Amino acid sequence: MLNEQKRQIGIAATIMLAITVVICGLLLWVPYVKGLIGEWLALIVGVVTTPFFMEGSFAIFGLTLVLVLNHLRQKETRDELVDLDLAGLDGETKRELGDDALGVPKEEAKR
């Protein structure tokens, strides 16, 4: 359990450090970029570092990051379904459960 907590703290610290480096790098690099791309990057950096928009953009970025990490975790584990063990049930209980216990909808079972 302790190793799992250390790993999670390490991942969170790495993500926060990466965000900090990217934003500081953009703040330092944007004034040297010329043309339309430079103006566009200056506008984006200005919006991202404005206090009200910064919280909103970090909230959206954080939510997106959590959803992506959760998706990757679920893709890795893949075992979210529960299998019913019908072997231990008697005949009457199996008839009561019907095809629902096997995952077949009632509409398809009647056909």
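A residue counts as buried when its relative accessible area is under 20%, as exposed when over 50%, and as partly exposed in between (1.4 Å probe, protein chains only). The structure shown is a predicted model, in which local features need pLDDT of at least 70, side-chain atom pairs count only at pLDDT 80 or more, and totals for chains, interfaces and linings use all residues. Residues are numbered from 1 along each chain as its sequence is written, and side-chain values use heavy atoms, with hydrogens and water left out.

**View 1. The protein chain has five helices and zero strands.** Helices (H or I, at least four residues) and strands (E, at least two) are DSSP runs, numbered from the N terminus. Read from that end, the elements follow the order α-α-α-α-α. The protein chain has 111 residues, of which 6% count as buried. Its accessible surface is about 9800 Å², and carbon and sulfur atoms account for 67% of this; such areas come from the Shrake-Rupley method with a 1.4 Å probe, and for residues only the protein chains shown count as cover. The mean pLDDT (the predictor's confidence in each residue, from 0 to 100) of the protein chain is 77. A value of 70 or more is reached by 69% of the residues. Helix α1 (residues 2-29) has the highest confidence, at a mean of 86, and helix α5 (residues 106-110) the lowest, at 51.

**View 2. E4 and R7 form a salt bridge.** Side chains of opposite charge can pair when their charged atoms come close. In this pair, the closest N and O atoms are 3.0 Å apart. E4 and R7 are three residues apart in helix α1, so about one helical turn separates them. E4 is partly exposed because its relative accessibility is 37%. R7 is also partly exposed, with a value of 48%.

**View 3. Four residues form a nonpolar patch on the surface: L43, V47, F52 and F53.** Together they have about 440 Å² of accessible area. Helices α2 (35-49) and α3 (51-77) are the elements that give two or more residues to this patch. Patch residues have over 30% relative accessible area and no salt bridge; like charges are joined within 9 Å, and nonpolar side chains (Val, Leu, Ile, Met, Phe, Trp, Tyr) within 5 Å. F52 lies in helix α3. Its relative accessibility is 66%, so F52 counts as exposed.

**View 4. The largest pocket has a volume of about 410 Å³.** Its lining has 15 residues, and those closest to its centre are Q8, I11, I15, L69 and N70. Helices α1 and α3 each supply at least two residues of the lining. Which helix gives the most to the lining? Helix α3 does, with eight residues. A pocket is an open set of points on a 1 Å grid over the protein atoms alone, where a 1.4 Å probe fits, with protein on both sides within 12 Å along at least five of seven lines; lining residues have an atom within 4 Å of a point.

**View 5. L65 and I15 are 50 residues apart in sequence.** In space, their C-alpha atoms are 9.5 Å apart. L65 lies in helix α3. With a relative accessible area of 25%, L65 is partly exposed.

**View 6. C24 and V45 are 21 residues apart along the chain.** A distance of 9.8 Å separates their C-alpha atoms. C24 lies in helix α1. Is C24 buried or partly exposed? C24 counts as partly exposed because its relative accessibility is 40%.

Methods. Salt bridge = Lys/Arg side-chain N within 4 Å of Asp/Glu carboxyl O. Points joined across faces, edges and corners; volume = space filled by probe spheres on them.
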